[in-house]
Amino acid sequence: MVDRRAAVALTAVTKRFGEVVAVDSVDLEIRDGEFFSLLGPSGCGKTTTLRMIAGLEVPTEGSVSIFGEEMGLLPPNRRPVNTVFQNYALFPHMSVAENVAFGLKMKRVAAGEIGERVAGAIDLVQLTGMDDRRPSQLSGGQQQRVALARALVNRPKVLLLDEPLGALDLKLRQAMQLELKDLQERVGITFIYVTHDQEEALTMSDRIGVMNEGRLLQIGGPEHIYEQPANRFVAEFIGETNFIDGVVSAEGEVALADGSVVRAHTRSGVGSKVTLTLRPEKIHLHPDGAPIEEPNRLRGVVKRRMYYGDSLYYEIDLGVAVIDARQENAPGVQRFEAGERVIATFDPGASEALTE
Amino acid sequence: MRRAAAPDAPVTAELEHAAERAARWRGFRLALPSFAYLIVLFAIPLILVGVYSFASRSRTGAPELSDWNLDSVSKLVDSTVLAIAWRSTWLALLTTVVCLLVAYPFAYYIATRSPRIRNLLLVFVMIPFWSNFLVRTYAWKVLLGADGLFTKVGEALGIWGQLLFTLPAVLIGLVYGFLPFMVLPLYAAIERLDWSLVEAARDLYASGWKAFRKVTLPLSRPGIIAGSILVFIPALGAYVTPDILGGAKTVLLGNHIVNQFLAARNWPLGSAVSMAIMIVMLFATVLYFRTQARTL
């Protein structure tokens with residue numbers, strides 16, 4: 001059943017802490033060499049899932065296998081994975097080089113080889129010359145690099161990263177995102193990356209698994225997850241979106257409460273109650289009375305306008321719902337005032353009809 | 001504490017100085033009672049002991065404050081004093097080591113429990129303090145005596161007999177008395193430990209034992225050192241325990257000092273021995289803080 005290419009496979013994995021179900025029967029296959037993100041709000045079970053792969057927690061039910069090998073009760077020190085911890089967990093009583101060498105020493109690698117590989121790993125994360133520093137003498141970004149080097153030097157088959165950029169400030173975080181992705185491509189190791197930051201997950205991952213309340217809700221590439229969310233939670237958690245209730249009136253058509261019909265991507269039968277999800281940037285606004293050919297036209301009134309610099313957000317009362325529409329702050333894009341009547345249009349492919 | 005000046009009201013250097021002086025004076029007045037207490041009851045007696053070390057012994061035993069000499073100080077290197085000092089030192093060291101070996105697993109156990117059980121166990125550590133140390137030492141005298149439970153158990157097992165009035169009895173008494181002073185700093189150090197570091201070590205192929213040796217133990221070093229000092233120093237100068245459990249045969253530094261003052265009536269020698277111990281301890285403590293400052 002387990003795919004030969006699967007780096008990590010979770011089968012019906014459940015973890016309970018007393019009464020609390022932290023992870024609820026998760027099935028997941030992570031391919032060899034991919035950058036996979038587990039994305040979800042805090043307490044959704046993503047870190048617990050990662051810890052079960054690392055061997056720091058034991059699943060209550062289900063099994064974890066790494067490259068086809070059943071992990072069972074194998075302790076962390078006997079698993080072919082390494083972890084970059086959330087707060088780096090660098091050993092404060094050891095220098096940078098000693099931190100990086102720790103895993104190799106424990107594996108009883110020959111001293112000469114340790115020296116070489118440690119130097120290589122320190123170069124890889126661009127900390128050359130910092131070998132003798134203590135972790136306390138390094139900046140947050142540098143500590144982060146040491147944690148990476150300490151894990152990568154062991155050449156694990158899978159690298160687990162638990163919100164590794166969470167403690168860094170925004171600028172550094174964005175720079176590190178690119179660097180991490182680049183690094184992953186260079187070393188060719190499978191990365192499993194836990195984050196609550198949707199932007200981080202979207203920009204770096206080959207595939208994303210969205211989690212909430214212990215369940216894995218959707219797995220797919222960044223575009224797939226953003227454009228075709230499986231349910232309301234995924235649509236709302238990743239990016240911003242508007243929800244409009246309706247009923248499927250025909251395949252590819254949804255009737256709204258006021259009787260108007262819009263075309264959208266439907267996945268359920270005629271008559272089923274659905275919620276349309278519509279991203280603010282997918283909406284175009286036109287002045288009332290303008291000649292429009294697009295099939296999806298909704299009339300509304302501008303309630304509020306918010307200025308964001310690169311864009312403007314309009315809060316529009318459609319009668320059946322109040323939605324946000326984002327318009328570029330670019331030449332040629334018409335602006336509207338509060339109280340003005342507008343027509344909102346969107347592409348039939350831009351809206352998903354979700355059945356809760 | 002100095003209050004920051006409002007940005008629109010520049011304070012002159014002179015005013016700032018006055019404020020600083022006032023703040024200092026306020027702090028001094030608050031500390032005055034403690035100062036007075038320490039000067040009258042600690043500093044002056046200590047100076048007196050120091051002065052007596054260089055006085056000569058009068059016929060009545062009281063120090064002669066006119067005839068200054070180094071007689072008592074030179075007696076410190078007498079074979080009797082040196083033998084007692086040597087015995088005291090290694091007994092104090094042994095007490096420290098035994099305390100450490102007993103306290104570490106216990107402190108580790110407490111520190112890794114849930115907060116509720118943790119507090120309960122800490123109370124158990126403190127309970128002995130609720131009764132008088134002397135009373136507890138007498139209790140040990142009964143236990144270790146000919147008909148004592150401890151002796152009976154040893155005899156039944158065929159391992160030990162009556163230990164009272166021997167060095168092992170003193171060791172048992174000292175370990176019992178000073179164990180909490182080892183447990184508490186160790187507990188504090190282990191409780192503060194960042195357990196994700198242990199997880200990181202496990203993740204980096206360390207076995208449970210290796211992770212303990214390479215991470216937990218070195219990081220609890222401040223607790224080990226603090227506990228060792230808290231046990232070693234009072235054990236070195238212990239008087240009550242060796243006196244009650246050791247009998248007349250096992251004279252230690254504490255008893256020797258008391259003997260000089262009360263029995264031999266040689267105050268200058270008693271003072272000199274006291275001062276010597278204090279100076280040695282002072283050096284040990286300074287050394288400790290030096291090494292601490294380096295490692296932290």
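Start with β7(A) and its partner β8 (residues 190-195) of chain A: these two pair in the parallel sense over five bridges. Helices and strands here are DSSP runs (H or I of at least four residues for helices, E of at least two for strands), numbered from the N terminus. Two strands count as paired if DSSP finds at least two bridges between them.

Before going on, a word on what you're looking at. This is a predicted model, in which local features need pLDDT of at least 70 and side-chain atom pairs count only at pLDDT 80 or more, while totals for chains, interfaces and linings use all residues. Residues are numbered from 1 along each chain as its sequence is written, and chains are lettered from A and ligands numbered from 1 in the order in which they are written.

Back to β7(A), which also pairs with β6(A): four bridges join them, and they run parallel. Here A:Thr83 has A:Leu160 as its bridge partner. Is β7 (residues 158-162) of chain A mostly covered or open? Mostly covered: five of its five residues are buried, that is, each has 20 or more other C-beta atoms within 10 Å of its own, with C-beta atoms placed from the backbone. In a regular strand, side chains alternate between the two faces of the sheet. You can see it here: A:Val158, A:Leu160 and A:Asp162 point one way, while A:Leu159 and A:Leu161 point the other.

Now hop to another part of chain A, where five strands form an open antiparallel sheet in the order β15-β19-β16-β17-β18. β15 (284-287) and β18 (322-328) of chain A sit at the edges with a single partner strand each, so one side of each has no neighbour in the sheet. β15(A) is joined to β19 (residues 341-345) of chain A by four bridges, and A:Pro287 stands opposite A:Val342 in β19(A).

Finally, chain A touches chain B, with 16 residues from chain A and 14 residues from chain B taking part. Contact means that the C-beta atoms of two residues, placed from the backbone, lie within 7 Å. On chain A's side, β6 (81-84) and α2 (96-106) are the elements giving two or more residues, and α2(A) gives the largest share, three residues.

How values were computed: Buried ≥ 20, exposed ≤ 12 C-beta atoms within 10 Å, placed from the backbone.
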